[in-house]
Amino acid sequence: MGAVSLLLPLALALSCGWGAAVDPTLPFLESLDPGNSVQLRWGFDQLKDSIVFELSVKTTGWVGFGFSPNGGMTGADIVTGGVGPNGVYFTDRHSVGNSLPLEDKQQDYEWLSLTETDGQTVMKFQRSISACDENDYPITVMAVKLIYAYGKNDDFTYHGSQRGTKEVNLLKFMPKASLPDSRYFDLTMTNFNVPALNTYYHCKMMRIPALDQKYHIYRVEPLIENVDLVRHMVLFRCPPTVTSPKEGPCYSGQIQKDCFQTMAVWRVGGGTFELPEVAGIPVGGKEMNVLYRLEIHYNNRNKASGHVDNSGLRFFYTAQLRQYDAAVLRTGLEVAPGYAIPPNATDFLAYGLCDTSFIQQVIPERAQDLQVFSVILHTHLAGRKVRVGHFRKGIQIDFLLKDDNYNFEFHQITNLGKTKTVQLGDKLLVQCTYNTEDRAGLTWGGGSTTDEMCLAFLFYYPAMSLGSCVSFPDTQALRQEMGTANKDEWDKLMMSKSWDKKSVKVYEQTLMKVQQITSVGNIANKIFVHMGLIPELRDSTTVSCTRNKVDILRPAVGLVLLLWILASLSLP
């Protein structure tokens with residue numbers, strides 16, 4: 001790959017490279033060459049159609065990076081840059097063959113920083129995920145062939161062997177750590193006879209193998225024995241007050257309900273989950289004797305008997321502690337009796353509110369901002385869309401995540417593309433859209449597959465002893481608003497009502513405007529309850545097709561210099 005560009009003044013901030021602190025906005029890292037001389041960090045925001053790259057190359061010469069349809073030069077979308085004797089150069093280009101890449105008429109790569117320090121060149125830049133002109137390569141959820149090349153100096157001569165290609169899925173990237181001291185333990189059911197029931201939740205409380213020092217879990221892998229029966233698995237960490245292992249139906253007298261801190265989540269359609277390199281789930285050490293509750297939801301549609309199950313989760317851990325402890329927070333609409341979704345609805349909206357202002361009420365000594373890096377959304381069969389809105393000082397500033405094509409059969413944990421900060425005082429609103437056109441009666445909130453939920457599990461660091469941050473409509477206020485005096489009257493009204501588009505919409509708006517009982521709970525089941533209102537959730541505006549700020553800074557003399565270089569170069 002050849003490279004050439006205009007020279008610019010050097011006025012840049014330092015960028016991180018090998019051994020530097022990890023930038024939370026660039027959570028993904030991949031070595032592009034076998035010798036680790038070329039490393040790529042990146043982060044993205046699909047809602048804003050933006051992706052940021054940081055290319056680090058062990059050279060003091062020019063560097064080039066691009067996207068190729070076949071792994072070669074022809075048809076590639078390329079960016080080149082470096083730090084020369086007279087300053088910085090950076091250009092958006094495309095290639096029509098094995099020759100000098102041509103400069104794009106429209107400069108769609110935005111230069112953020114470019115440095116050369118200790119024999120390493122670091123080029124940080126931003127572009128749109130989508131294609132902005134005919135010479136740009138669109139980035140999709142499919143793997144893309146990345147190409148790179150670099151020179152030993154700033155003379156734009158043929159790169160020789162200093163080039164390469166690697167296929168990477170940028171938007172669906174899952175890191176894969178290879179640690180020499182890696183070990184694992186399994187938490188599973190043991191020869192459990194699945195009842196001949198349509199829906200059944202089974203819980204088993206157990207300890208992990210004795211670990212006399214602190215370790216970090218960095219990978220969680222599902223172990224599914226009956227793929228047609230297991231719908232979801234959740235592992236909860238129990239507080240020190242829970243001391244006796246037990247097993248039986250969840251949420252019954254046999255199993256205590258006071259294991260509230262979510263540690264791991266798997267839903268049908270999901271796979272192995274790997275934590276980012278800066279965080280791990282803590283186990284062992286002071287928590288060596290802690291109990292964990294494994295909850296498995298079995299959906300035995302045919303009510304068949306004779307199924308024996310040993311499903312569960314495998315946890316890979318390491319003694320190489322990471323920078324932060326990670327944890328999981330359950331947010332959304334509390335799963336409780338009394339929430340109804342009417343039939344004949346095409347797009348019924350339900351809401352669950354998390355107000356982080358009150359986290360300090362349950363963990364005052366350790367309350368801090370949440371750095372959210374992954375989310376898993378959850379509804380049941382009627383769910384069509386799930387969105388998590390992010391509000392600060394009463395204004396919506398972002399979505400943590402939104403899935404407008406939600407599929408109950410496909411529940412993967414979603415990496416956000418970059419770590420998003422939820423400050424104490426921010427509000428998170430989980431909005432779920434349901435379709436009940438094929439149902440004749442009410443759909444109730446609950447655990448059955450034919451019931452409904454509206455939840456978002458947030459993976460974050462640094463860990464706090466939080467269990468949940470959820471809400472539920474004030475049922476007394478709802479009954480009064482609907483003209484009923486008590487629960488029996490309300491139930492009768494809901495059951496007998498003729499549900500058409502108008503009545504469904506009126507009920508939806510009533511649910512939204514009544515006071516919500518919001519709560520924050522810690523792992524010891526200390527719960528702080530308060531009242532709140534549902535804020536209005538708006539669609540985000542997609543920012544597409546960035547423009548290179550460097551384009552504006554180019555001096556006129558640069559054009560003369562470019563023509564001179566092009567005339568003097570001849571590349572094979």
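Predicted model: local features only at pLDDT ≥ 70, side-chain atom pairs only at ≥ 80, totals over all residues.
Let's start with Lys487, which is partly exposed, with a relative accessible area of 43%.

- Lys487 makes a salt bridge with Asp491, and their closest N and O atoms are 2.7 Å apart.
- Both residues belong to helix 3 (residues 487-496), where they sit four residues apart, about one turn of the helix.
- Asp491 is buried, at a relative accessible area of 18%, while Lys487 is partly exposed.

- Lys214 and Asp325 form a salt bridge whose closest N and O atoms are 3.0 Å apart.
- This pair links distant parts of the chain: Lys214 is in strand 16 (residues 214-223) and Asp325 is in strand 25 (residues 324-325), 111 residues apart.
- Lys214 is partly exposed, with a relative accessible area of 34%, and Asp325 is also partly exposed, at 23%.

**A pair that belongs to a network**
- Arg231 and Glu409 meet through their side chains in a salt bridge of 3.3 Å, N to O.
- Here, too, distant parts of the chain are linked: Arg231 lies in strand 17 (residues 230-237), and Glu409 lies 178 residues apart from it, in the loop between strand 31 (395-403) and strand 32 (414-422).
- Arg231 is buried, with a relative accessible area of 7%, whereas Glu409 is partly exposed, at 37%.
- Arg301 joins Arg231 and Glu409 in a network of salt bridges.

Notes:
Residues numbered from 1 in each chain as written. Heavy atoms only, no water. Salt bridge = Lys/Arg side-chain N within 4 Å of Asp/Glu carboxyl O. Helix = DSSP H or I, 4+ residues; strand = E, 2+ residues; numbered from the N terminus. Buried < 20%, exposed > 50% of the residue type's maximum accessible area, 1.4 Å probe, protein only.
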